Amino acid sequence: MRAPIHIALIGDHDPAITAHRAIPLALDLAAQAAGCAVEGIWVATPEPERDPALLAGYDAIWCVPGSPYASMAGALAAIRFAREQGVPFLGTCGGFQHALIEYARDVLGLAEADHAESSPGAAMPLIAPLACSLAETTGEIVLREGSRIRAIYGYERATEGFNCSYGVNPQYRALLEGGQLHITGVDESGEARVAELGGHPFFIATLFQPERSALRGVAHPLIAAYLQAAARHANRQYEEMIRR
């Protein structure tokens with residue numbers, strides 16, 4: 001029997017958070033569809049702050065909703081580990097927001113890039129209050145042609161559920177897209193809702209929460225694609241270990 005795929009769920013687990021209840025269900029549904037076994041392990045955000053190397057034993061990393069995190073530095077360390085080590089990464093809601101902050105700080109050198117929720121006086125609020133809150137709402141997203149997420153969905157538009165009040169500050173959006181990071185999903189007014197990193201095996205972040213489909217008993221195509229990437233990563237790791 002194939003060993004289960006191990007997913008590090010980066011976040012401070014709280015059963016009162018809808019997304020935290022949905023994520024294990026979403027992983028199970030996607031695993032059933034893919035014909036594999038999966039185990040999601042909660043990793044509190046202070047842990048990767050102390051030692052990011054503890055994530056080396058996981059096949060994929062998911063930075064989950066629930067910000068502000070107990071340790072923003074820990075969430076950013078986990079995202080950086082996934083980005084630099086080529087570990088499949090999914091960020092949803094708060095994970096999307098912090099993936100952009102990590103990229104801005106550690107790739108673009110914008111050390112002051114910050115989150116207005118946890119640092120309201122930030123000099124560079126890359127993540128700022130949305131003009132209209134998306135708390136407990138659904139909305140349509142337009143997926144960029146040629147993007148990985150468009151290929152995963154198989155169509156141009158998708159309707160997804162949100163529960164957030166913060167997103168990309170339009171003032172700084174142009175700074176983000178000068179390199180490998182691209183905004184590949186927007187709402188009807190052009191506001192950023194999906195980002196993905198080129199040159200990486202799998203690195204997608206969404207402001208929406210695809211895990212919520214599991215509460216309706218529906219396996220989400222994005223989570224299924226993420227698990228497939230995790231399985232490929234696990235196989236590569238196993239083959240490398242055998243060669244040694």
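Begin by selecting Glu 177, which counts as partly exposed at 26% relative accessibility. Bear in mind throughout that this is a predicted model.

The side chains of Arg 144 and Glu 177 form a salt bridge, with 3.5 Å from N to O. Arg 144 lies in the loop between β7 and α5 (148-153) and Glu 177 in the loop between α6 (173-176) and β10 (181-186), so this pair ties together parts that are 33 residues apart in sequence. Arg 144 is likewise partly exposed, at 38% relative accessibility.

Now select Arg 173. Its side chain also meets that of Glu 177 in a salt bridge, at 3.4 Å from N to O. Arg 173 has a relative accessible area of 21% and is partly exposed.

How many salt bridges does a search of the whole structure find? The search finds eleven.

Select Glu 136 and Arg 212, which form a salt bridge whose closest N and O atoms are 3.0 Å apart. This pair links distant parts of the chain, 76 residues apart: Glu 136 is in the loop between β6 (124-129) and β7 (137-143), and Arg 212 is in the loop between β12 (203-206) and α7. Arg 212 counts as buried, at 15% relative accessibility.

Then select Arg 80, Arg 83, Glu 84, Glu 102 and Asp 106 together; salt bridges link these residues in a network.

In soluble globular proteins, nonpolar side chains tend to be buried together. The largest nonpolar core here has 81 residues, of which Ile 7, Leu 27, Ile 61, Trp 62 and Leu 100 touch the most other members.

Centre the view on Ile 7. Leaving aside residues up to four places away in sequence, Ile 7 touches several residues, among them Leu 27, Val 38, Ile 41, Trp 62, Tyr 226, Leu 227 and Ala 230. Its contacts also include Glu 39 and Gly 40.

## Stop four: the cysteines

How many disulfides does the structure hold? There are zero. Select Cys 164, which is in no disulfide; its nearest cysteine sulfur, that of Cys 93, is 4.6 Å away. Cys 164 is buried, with a relative accessible area of 5%. Finish at Cys 36, which is buried with a relative accessible area of 19%, because buried means under 20%.

Conventions: Residues are numbered from 1 along each chain as its sequence is written. This is a predicted model: local features need pLDDT of at least 70, side-chain atom pairs count only at pLDDT 80 or more; totals for chains, interfaces and linings use all residues. Side-chain values use heavy atoms; hydrogens and water are left out. A disulfide is a pair of cysteine sulfur atoms within 2.5 Å. Buried means under 20% relative accessible area, exposed over 50%, partly exposed in between (1.4 Å probe, protein chains only). A nonpolar core is a set of buried Ala, Val, Leu, Ile, Met, Phe, Trp, Tyr and Cys residues joined through side-chain atoms within 4.5 Å. Contact means heavy atoms within 4.5 Å. A salt bridge is a side-chain nitrogen of Lys or Arg within 4 Å of a carboxyl oxygen of Asp or Glu. Helices (H or I, at least four residues) and strands (E, at least two) are DSSP runs, numbered from the N terminus.
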